[in-house]
Amino acid sequence: PLTLPFTIPANVSLSADRVIYNGDEFANFVYSLKSNVQSFSVTDDQRGNLLASITKEQNKYNILLQLNKFVIKGGLLAPTLPINVSDTVITGQARLSTYGQIAYDISYNMTGSIDLTFDGGIIFGLGFDDFYANAQNVTTLNAEFLLANALDGGTTALKTLHIVGDYNGGNFVTTQPFTLSMRHVDAVGTLRITDGYMGVNID
């Protein structure tokens, strides 16, 4: 649907004090359409700032997405993945390109780079908060078992997560080690999502 307005032979500008998307309300929404460029922006004191632009070159589309302290509610990734980030604030950008005529092609052919920082929120799939809350019960006999549980589920309060990587048709791989800071633990690692499956290495 985002490519359809390029067929309109006119310049268009729309603004709204409030817009609702997927049940979330955002303030100060602006949309503009020129001959080969669409842009969207949100400037919301409560929800942060978002700027997105789509530039058309024949059947190719270049997409720039910039986020500044942009608040998201709920999980960022598919709920089937073993690790997810929820209810966080995102700052960073994504540069993507794609091509095609129909929505499936546009999505399948999308590639590019992503550089994002997450502040606050919850990490699902890591249980370090429970591990440290029960530190008084950790012994040499059960430490390995309890740590294995912490790495295999639960939730942990997130301080910051910085992740840089390449996106390719629904797949994602980090191109440098991500840095992760939690209440009790700091970590670095790599992440890969391929065909709906996630692999993570954490130190």
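Reply: The side chains of Ser-32 and Ser-39 make a polar contact at 2.5 Å; that term means a pair of N or O atoms within 3.5 Å, where within protein one must be able to donate a hydrogen and the other to accept it, and residues adjacent in sequence count only if both atoms are side-chain atoms. This is a predicted model: local features need pLDDT of at least 70, side-chain atom pairs count only at pLDDT 80 or more, and totals for chains, interfaces and linings use all residues. Residues are numbered from 1 along each chain as its sequence is written, and side-chain values use heavy atoms, leaving out hydrogens and water.

Me: Where is Ser-32 placed?

Reply: In strand E2, residues 24–33. Helices (H or I, at least four residues) and strands (E, at least two) are DSSP runs, numbered from the N terminus.

Me: And which residues is Ser-32 in contact with, leaving aside neighbours within four places in sequence?

Reply: Val-12, Ser-13, Val-37, Gln-38 and Ser-39, where contact means heavy atoms within 4.5 Å. Val-12 is 20 residues from Ser-32 in sequence, yet their C-alpha atoms are 5.5 Å apart.

Me: New topic. How many salt bridges does the structure hold?

Reply: It holds 2, a salt bridge being a side-chain nitrogen of Lys or Arg within 4 Å of a carboxyl oxygen of Asp or Glu. One joins Arg-183 and Asp-129, 3.9 Å from N to O. Arg-183 lies in the loop between strands E12 (178–182) and E13 (186–194) and Asp-129 in helix H2 (residues 128–133), so the pair ties together parts 54 residues apart in sequence.

Me: Is Asp-129 buried or exposed?

Reply: Buried, at 15% relative accessibility. Buried means under 20% relative accessible area, exposed over 50%, and partly exposed in between (1.4 Å probe, protein chains only).
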